[in-house]
Amino acid sequence: MVSSVNDKLARVVAIAKTQKSFTNIPVVYTTYERAIRYVPRERRTLSYVLAKPKDGVPVEEVTRRIHEQTGLGAFTAEEFGWKTIGWVLKNTGIGINFGTTILLGFIVGMAIAGQTFYLFTVENLRQFGALKAMGTSTFTLARMILLQAFTVGLTGYGVGIGLATVFGFLTAQSGGLPFIETWQLLLLVLVALLAICTFSALISIIKLARLEPAIVFR
Amino acid sequence: MMDSQAQPAAVRARGIVKSFGTGDTKVTVLRGIDLDIYLGEMLLLVGESGGGKTTLLSAIAGILDIDDGNIDVLGVPLGELPAGKRTTFRGQTMGFIYQQFNLLPALTAAENVAVPLLIQKIGRPEALRRARAMLDRVGLSDRAEFLPKNLSVGQQQRVAIARALVNEPRLLICDEPTAALDGPNGQKIMELLREVGRSPDRCVVVVTHDSRIFHFGDRLARLTDGRIVSIEPIAREGTA
Ligand SMILES: Nc1ncnc2c1ncn2[C@@H]1O[C@H](COP(=O)(O)OP(=O)(O)OP(=O)(O)O)[C@@H](O)[C@H]1O
Ligand SMILES: [Mg+2]
């Protein structure tokens with residue numbers, strides 16, 4: 001099959017099945033000599049060289065030596081992967097797009113969780129009033145609210161993370177998008193979730209602290 | 001004169017003033033209430049609707065701040081207790097019975113009755129044991145594991161009575177305990193309150209405007225225009 005790349009004819013010998021990515025830049029595999037003929041002249045035509053260490057030589061050792069001898073940056077596959085992720089997040093719209101989505105999710109989640117929880121408290125104000133009349137301290141009521149908030153929150157965390165992980169692995173397996181889930185990410189989500197729970201509980205606690213138990217007689 | 005009135009009052013209220021709102025909308029509900037309630041008696045507090053009976057009960061229970069006056073309960077001046085101490089004191093010395101029962105819907109009858117004990121940090125097995133014993137006394141031993149929604153209103157109020165008494169409170173405060181019940185059920189509840197609730201070392205205050213239950217009380221106090229206008233002993237067959 002003959003195709004053209006930038007108006008220059010090229011013979012296609014094979015089509016590679018690669019992983020999908022969020023950016024849709026076509027990739028052509030060819031020799032360096034041919035590649036610089038296909039693309040218009042640019043200041044730099046080579047962005048990286050992929051090297052494989054000889055058997056038995058640790059990768060870190062090789063990258064260190066390359067860096068020492070050439071003064072260029074040399075990375076392991078793992079390091080390079082993260083460098084790329086960092087670059088994409090910083091230099092493309094993806095970082096902002098996804099960041100905004102997450103931030104919105106966080107704010108909306110906080111508002112909805114807080115409101116739902118507050119509604120629950122208001123609906124049960126009489127019961128809380130009755131408990132208060134029977135001698136329950138505000139401190140105990142606060143602990144009850146916090147326990148409820150965290151039980152609901154942590155259950156939701158388990159379900160949410162579980163579903164996300166299953167979904168991620170399934171899409172990754174079916175040749176879809178790449179999927180990574182690090183413990184740092186899980187921890188960050190947990191902290192965010194606990195923040196939401198605490199915030200939600202707090203509005204209810206303030207309401208209960210101000211509650212006049214006299215409402216039980218109404 | 002009853003013997004109990006020779007001892008100092010368990011509840012001693014003097015010059016209680018309470019108003020709601022400010023400016024044009026200000027209403028003075030209590031205009032200087034003096035009232036003594038004695039151990040061993042059941043005092044009925046009656047008066048027209050909106051007259052301030054509930055307000056007075058709330059003040060005596062220490063769940064409503066008053067504008068002026070003093071209330072001593074068992075010799076303790078409520079106004080001088082900080083809020084936290086007042087809450088604890090209330091939990092230890094008072095029991096409440098409401099028109100609307102106010103049972104916790106998710107808890108069984110026995111668990112509901114155990115709540116005041118659990119608040120006093122009594123262990124769950126012991127609390128439940130005492131709760132069942134109390135349910136037995138109000139005639140509901142076979143309903144201990146029922147949820148409130150599966151009980152009749154009369155039974156629910158009996159659970160509420162058991163809950164109010166499980167703590168052996170010195171002061172039992174009842175606001176319209178029969179208002180949500182029909183005539184016969186109301187009579188039964190008052191009989192039960194008199195039989196189980198009334199005791200030599202407890203005083204019972206019942207707010208009501210149901211004249212059909214007046215005869216259950218020992219004394220009747222009338223609240224009109226924010227003042228107690230009369231307190232009279234109630235003639236009872238066989239006891240007077
Ligand atoms: N929290 C409050 N805020 C404003 N006004 C109140 C409040 N509580 C009671 N009041 C007013 O105080 C007055 C007395 O109310 P209270 O509930 O004590 O009457 P009551 O004698 O118990 O009446 P009822 O027999 O109908 O129960 C009423 O006019 C009521 O509107
Ligand atoms: Mg009332």
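## The ligand site and helix pairs

Welcome: by class, the shell around ligand 1 holds two nonpolar, seven polar and four charged residues. Here Ala, Val, Leu, Ile, Met, Phe, Trp, Tyr, Cys and Pro count as nonpolar, Asp, Glu, Lys and Arg as charged, and the others, Gly among them, as polar.

This is a predicted model, in which local features need pLDDT of at least 70 and side-chain atom pairs count only at pLDDT 80 or more, while totals for chains, interfaces and linings use all residues. Residues are numbered from 1 along each chain as its sequence is written, chains are lettered from A and ligands numbered from 1 in the order in which they are written, and side-chain values use heavy atoms, with hydrogens and water left out.

Ligand 1 sits between chains A and B. Of the 13 residues around ligand 1, the nearest are Ser49(B), Gly50(B), Lys53(B), Thr54(B) and Thr55(B); a residue is near a molecule if one of its heavy atoms lies within 4 Å of it. The most to this shell comes from helix 1 (residues 53–61) of chain B, which gives three residues. Helices are DSSP runs (H or I, at least four residues), numbered from the N terminus.

| Residue | Its N or O atom | Distance to an oxygen atom of ligand 1 |
|---|---|---|
| Gly51(B) | backbone | 3.2 Å |
| Gly52(B) | backbone | 2.9 Å |
| Thr54(B) | side chain | 2.6 Å |

On its own, ligand 1 has 630 Å² of accessible area, and the protein covers 63% of that. Such areas come from the Shrake-Rupley method with a 1.4 Å probe.

Now for the helix pairs. Axes are lines fitted to C-alpha atoms over the stretch in contact, and angles run from 0 to 180 degrees between N-to-C directions. Angles under 35 degrees count as roughly parallel, over 145 as roughly antiparallel, 65 to 115 as roughly perpendicular and the rest as oblique.

In chain B, the axes of helix 5 (residues 153–165) and helix 6 (residues 183–197) come within 10 Å and cross at roughly 20 degrees. Helix 5 of chain B is therefore roughly parallel to helix 6 of chain B.

Helix 3 (residues 109–119) of chain B packs against helix 4 (residues 124–137) of chain B at about 120 degrees, their axes 8 Å apart. That angle makes helix 3 of chain B oblique to helix 4 of chain B.

Notes:
Polar contact = N/O pair within 3.5 Å; in protein donor to acceptor, adjacent residues only side chain to side chain. Helix = DSSP H or I, 4+ residues; strand = E, 2+ residues; numbered from the N terminus.
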